[in-house]
Every structure is written in C-alpha cells, then in structure tokens.
Amino acid sequence: MVHSFVYEALPARVIFATLSAALLTEEMARIGMKRPIVLATPLQEPQAREIAAMLDEKSVGVFAGAVMHTPVEITEKALSIVREAKADGVVAIGGGSTTGLSKAIALRTDLPQLVIPTTYAGSEMTPILGETANGVKRTQTTRKVLPETVIYDVELTLGLPPALSAASGLNAIAHAVEAMYARDRNPIVSMMAEEGIRSLFAALPLIVKKPSDLAARSDALYGAWLCGVCLGSVGMALHHKLCHTLGGTFNLPHAETHAIVLPHALAYNTSTVSDIVERLARALGTGVPASKIYQLSNELGIGGGLRTLGMPEDGIDQAADLAIMSPYWNPRPIERDAVRELIARAWAGEPPRP
Ligand code: NAD
C-alpha cells in the first residue's frame, strides 16, 4: 500500500492527575492565568466552588450558569462578570455545555482556558464551537477556542450518573467510529480511534454495574480523551450530521441521541468502508460492528429508541428530508429512502439493518 495522508496535531497540554491547589496554580502560571473565572452548570456549582476555594483569593468568582447549546445570552452574562472583575482566564469544570461556554468566552476575549472535563463528550479536545442565537445553532471551527490545558481527574467523574455515563461514552465512541472512515482519516487518528473505542467498550458495562469502579472510570476517561482528539482532528459524516439535525429539530438530549443513532449510522456506512471492519473488530471483538454497538447500548439500558426521548413518529419523514437538504461528505452517498429507514429503525429502537 502507498501511504497518502495529512496529519496535523492540535496544540493542547493534557494531564491525567488528581486535581490539587498546587497542580492548578502551577498549570495556571504556565498559561499566564492569575485571576480566572470558574465556570460550571447550576448542577455542578458545588464542584466549581471547591475549585474556587482551592484557588483561595486567586479566582474572581464562580459563574454556574452554563447550559446546553451555548446560548449567546448566557455567554453575555458570563462576559460581563469577566470584564467587570478583569478576569484573565477561564477555568471550566463539567461536560460539553460548560466547555462550550468557556470556548465562547475565549472566542470573544482570547483568554486562556483550563478545562476539567467530567463527561465523555470530548469538546475539550476540539477547535469546534456550537452556539445558539435566536433559536438557531451555528457551528464554527477556529483554533481560538481550543483550550490550552486540560486536566482529567477521574475522581471528578464519579458523580456522573450511570445512564448519562453510558450515553456519554457512546457519544465518544461515535466520534472515533466516524474518524475511522473520515474523508481526511490518517493512521495516527485511526490508531487513537481504535484504542479509544476499545477502552470505552470494555469500561462502560463495568461503570453501569458499579459507578464507583475507579479503574473502569479511568479507562473510560482515557478513551474519551482519545475519541475527543478524533473529533477535533478529522471531519465527521452522516452520524454527526443526523444527530445535530435530530437534536436541533426535536430538542433531543445530545448524548442519548448519539447513543441511539450510532449503530444505525454505522450499519449504513459499513458496506462502503469495509476496511474499517477489521480495525473495529480489534476494538469490539469479532462480529458485525454495528450489531456489537447495538448490543452494548441495550446492555447499558439505552435500547428504547428515539421515541423514548420524545421524538414524534411523524418527525421521521421531516428528519429524512432535512438530512438530504444540505449536501455533506459521507463515505456512502446519502440516499433518502435508506436514510429514512435508518431513522425509522432508530426511532423504534430496532436493531440496525443487517
Ligand atoms: P452536559 O455538559 O450538558 O452535561 C449534562 C449534565 O450532566 C449537566 O447537568 C452537567 O452538569 C452534569 N454533569 C456533568 N458531569 C457530571 C459529573 N461528573 N457528575 C454529576 N453531574 C455531571 O453534557 P455533555 O454531553 O457533556 O455535553 C453536551 C453539549 O456539549 C452539547 O451542547 C453538545 O453540542 C456539546 N458538545 C460540543 C462538542 C464540540 O466539540 N464543540 C463536542 C461534544 C459535545
């Protein structure tokens, strides 16, 4: 085989360690941050307050108003505190919603970011920001939003409920699956994708059985990091486009939508990208990859289909129409009837097409 590819690494400092005042201070100094604002969702305000306490007098305070889809009104609220208090950096603790707010602030201020992820969504490793203004979500890619430093502390993920852990883990696996067949795929990202999937595939059932299993949690976080790198490094395809459309049109929860759609999107593409089947078999074990992922999601309790998330049945046709409206790259051409069947199966919670 003659190799032909482009590989470009994104700059980011990644640390797997227990968070402490000493580590935070050292890492903040490295990126020139003396008085950061600490961000979280309302639910994770206690964790943000613990971080502010670790920083003693060094933080300008906590803003615990992050929500899904990064609405610009919330960003404006946080920005007014940043400007008034003359914060010189952002420390964000939480999942994709909090990281989104951190990125939105960085986009407008160029302030450095230190992100402490507590889900498996992977946003901390990407130069991608999705923001919502007047009900419309717009996504952009710019290195301005890439966090400078990311600290993964497994202890901080122990409170992630088992059901959300499972869905979030499958959301991460989806990044890696699509990275394997991306138009701009390359051997390094494919290796990361395989290792990320292997790690999460083994860890998620253990976490659902015993959410305090530190070794499994650590493997999942490690896998999530690798899958996040995949998302940030190469282009995504049908699966991510569909989830974006379904989530935005029917207001469905992010991670759960990814978890349900993934086996179906993979089945849609498998015949065209048979070269990834061998790689996926190394990560998932032998068998049809889409079926293995469907079995995993059932084992993790995510078997109900999009209807259980509140998507109406008459939305299936609407979603199929939207999926073919704006053209995008996918290894297999986007065919309306086949995409409609994919969505209908995902809606009903049926197994992926053989
Ligand atoms: P989330 O950040 O919305 O978190 C879901 C809920 O779980 C929140 O209430 C949060 O506070 C809580 N939570 C998170 N970690 C917890 C923990 N350890 N213990 C207890 N509760 C915890 O969910 P998400 O799936 O991580 O992120 C979804 C958002 O991120 C979406 O808006 C999505 O579009 C975005 N996203 C963006 C990118 C990107 O690259 N730009 C990538 C992935 C996701």
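Modeller: A salt bridge here is a side-chain nitrogen of Lys or Arg within 4 Å of a carboxyl oxygen of Asp or Glu. Keep in mind that this is a predicted model. Searching the whole structure with that rule turns up 16 salt bridges.

Let's begin with R143 and E8, whose side chains meet in a salt bridge at 2.7 Å, N to O. Where do these two sit? R143 is in the loop between β7 (136-141) and β8 (149-152), while E8 belongs to the segment before β1 (13-16), so this pair ties together parts that are 135 residues apart in sequence. Now look at how open each partner is. R143 has 45% relative accessibility, so we call R143 partly exposed. E8 comes out at 51%, and because the cut-off for exposed is over 50%, E8 counts as exposed.

Next up is R340, which forms a salt bridge with D317, and their closest N and O atoms are 2.8 Å apart. This pair also links distant parts of the chain: R340 is in helix α13 (residues 336-348) and D317 is in helix α12 (residues 315-325), 23 residues apart.

R345 forms a salt bridge with E341, with 3.0 Å between the closest N and O atoms. Here both partners lie in helix α13, four residues apart, which is about one turn of the helix. Their surroundings get different labels, though. R345 has a relative accessible area of 19%, and since buried means under 20%, R345 is buried. E341, at 27%, is partly exposed.

You'll find Q44 in the loop between β2 (37-39) and α2 (45-54). Q44 is buried, with a relative accessible area of 16%. What does Q44 touch, if you skip residues up to four places away in sequence? The list is I93, G94, G95 and T118.

Notes
Residues are numbered from 1 along each chain as its sequence is written. This is a predicted model: local features need pLDDT of at least 70, side-chain atom pairs count only at pLDDT 80 or more; totals for chains, interfaces and linings use all residues. Side-chain values use heavy atoms; hydrogens and water are left out. Helices (H or I, at least four residues) and strands (E, at least two) are DSSP runs, numbered from the N terminus. Buried means under 20% relative accessible area, exposed over 50%, partly exposed in between (1.4 Å probe, protein chains only). Contact means heavy atoms within 4.5 Å.
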